[in-house]
Amino acid sequence: MDFKKYYDEVYDIAKDIYMHPELGYKEYRTKDIVEKYIKKYLHNIDVQSFAKTGLKFTLPTKEKKPFKMAFVVELDAVYAPTHFHADKDTGAAHNCGHYSQIGIGLALFRALIEENIYQNFDFSISFVFVPAEEFLDLDYREQLRKNNEIVYFGGKPEAMRLGIFDEFDFAMATHAMGGDFKERTIEINSDLAGFLYKKYHFTGKAAHAGFSPFTGINAYSISTLFNVGIGLMRQQLDEKEMVRLNPIIMESDMGTNVIPNSITIGTDVRTQTVEYMKDIVKRVDDVAKGSAMSLQGQVNIETQMGYLPFLQNRYLSSFVMDTFNSYEKIPSIRNENPISAAGDIGDLSFMMPCLQVGYSGFAGTIHGDDFIENDPEFIFSIFPEFLLEVLKNMDGKIDKNELYHRDYREYEKLINDILK
Ligand SMILES: [Zn+2]
Ligand SMILES: [Zn+2]
């Protein structure tokens, strides 16, 4: 199988998408390009649309297979108006590398159908192109939610809600890696944090700052206590959980001659496990309540779910490691480096075993202003070729007992539980 013959076409598409980034649930142009490409090579394929810009199709098989795999690709860009290739109007930029996932997915698709090798696999292969992985542009998504067009801000939980993933036994995804690598590198078992958002509306009492400050209650002072409390609390956090808290002022309307009577502080709460997330959220709430109480003010608390922690499936990863060991074109692999970034593949991994393979080939920092690929041959030719080898390696070896499946109702229950 020579991936070089798909390279030019696939790389052109990826470059085009890189230069025309679109934010989540708005990836219409991107969706169109993907769909056209698929239909160019599989004329009669039934492509299912979902969640505004999502796409799903299954490579047709002659017989029913024991297992079903979803190859998952993310479509959206990041809001990064200062990126050097940001869209001037929307501020979108592909500095999370999702455009390259698309190129990789299309190269793999071509190789699979070229000689119909997938026909002999004991698992069927579906491609699911999912919108809106990045958690941003929330006013627009809130609007979609009010119009009953979506329920979840993240594309994967939204697809789960719509039953898009119900049929699958496991899922495979890829993601660009930020940072400088001396040699071509892939990565497995990089767990991601889960996160949720908190909003603390502190209220006090307005008064003349010079004439009678003693009759007021300073909401800004309460929020300062809150910030100090969180700072001191960090000592009591388990390092294994890599907790991240980032309190910021979200709303305030202050003048120097009035004791401020209201301020809203927001923070994300990131942890590696759901149990710890529930625990930390309660503790941060307590700091907020205690801060308000100590100055006779009030606090109103809001919680909004982000994504679940992503526990990479070690069993599926073992096929990647195995393949790597006998594959000569990739010299280096990283293993077991958890990070506190998050992704909605965490939500999908609640439903079924998921694997996300990282790939190098980029310069600059991920989500940074200078992020750009510097090794397209690796990204769009060697890496997809490697993925095909992983699939070949999985064929006939998947152990049913290593897989699990939970349905959407269980997911919904867990999320409600966390928000309680
Ligand atoms: Zn990202
Ligand atoms: Zn990403």
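Modeller: One term before we start. A residue is buried if 20 or more other C-beta atoms lie within 10 Å of its own. And keep in mind that this is a predicted model.

Biologist: OK. How many residues of H11 are buried?

Modeller: The count is 0 among its 12 residues, so by that cut-off H11 is hardly covered.

Biologist: And what should helix H11 span, end to end?

Modeller: Helix H11 covers residues 408-419. At 1.5 Å a residue, it should span 16 Å. Its end C-alpha atoms are 17 Å apart, which agrees.

Biologist: Switching topic. How is the chain divided?

Modeller: Into domain 1 (4-192 + 310-419) and domain 2 (194-307). Their centres, taken over C-alpha atoms, are separated by 36 Å.

Biologist: How many residues does the contact take from each?

Modeller: Domain 1 gives 13 residues and domain 2 gives 14 residues.

Biologist: Which helices supply at least two residues of the domain 1 side?

Modeller: Helix H9 (345-351) and H11 each do. The largest share, 3 residues, comes from H11. By class, that side of domain 1 has 6 nonpolar, 4 polar and 3 charged residues.

Biologist: Now the largest nonpolar core. Which residues have the most contacts inside it?

Modeller: Ala 14, Phe 71, Val 72, Ala 107 and Ala 171, in a core of 113 residues. Helix H10 (residues 376-394) gives the most to this core, with 10 residues.

Biologist: Where does this core lie relative to domain 1 and domain 2?

Modeller: Both domains give residues to this core, so it lies between them.

Biologist: What does Val 72 touch?

Modeller: Leaving out residues up to four places away in sequence, Val 72 touches Val 128, Val 130, Ala 171, Met 172 and Ala 173.

Technical notes: Residues are numbered from 1 along each chain as its sequence is written. Chains are lettered from A and ligands numbered from 1 in the order in which they are written. This is a predicted model: local features need pLDDT of at least 70, side-chain atom pairs count only at pLDDT 80 or more; totals for chains, interfaces and linings use all residues. Helices (H or I, at least four residues) and strands (E, at least two) are DSSP runs, numbered from the N terminus. The expected span of a helix is 1.5 Å times one less than its number of residues. A nonpolar core is a set of buried Ala, Val, Leu, Ile, Met, Phe, Trp, Tyr and Cys residues joined through C-beta atoms within 7 Å. Domain bounds come from an automatic or database domain assignment. Two residues are in contact if their C-beta atoms, placed from the backbone, lie within 7 Å. Ala, Val, Leu, Ile, Met, Phe, Trp, Tyr, Cys and Pro count as nonpolar, Asp, Glu, Lys and Arg as charged, and the others, Gly among them, as polar.
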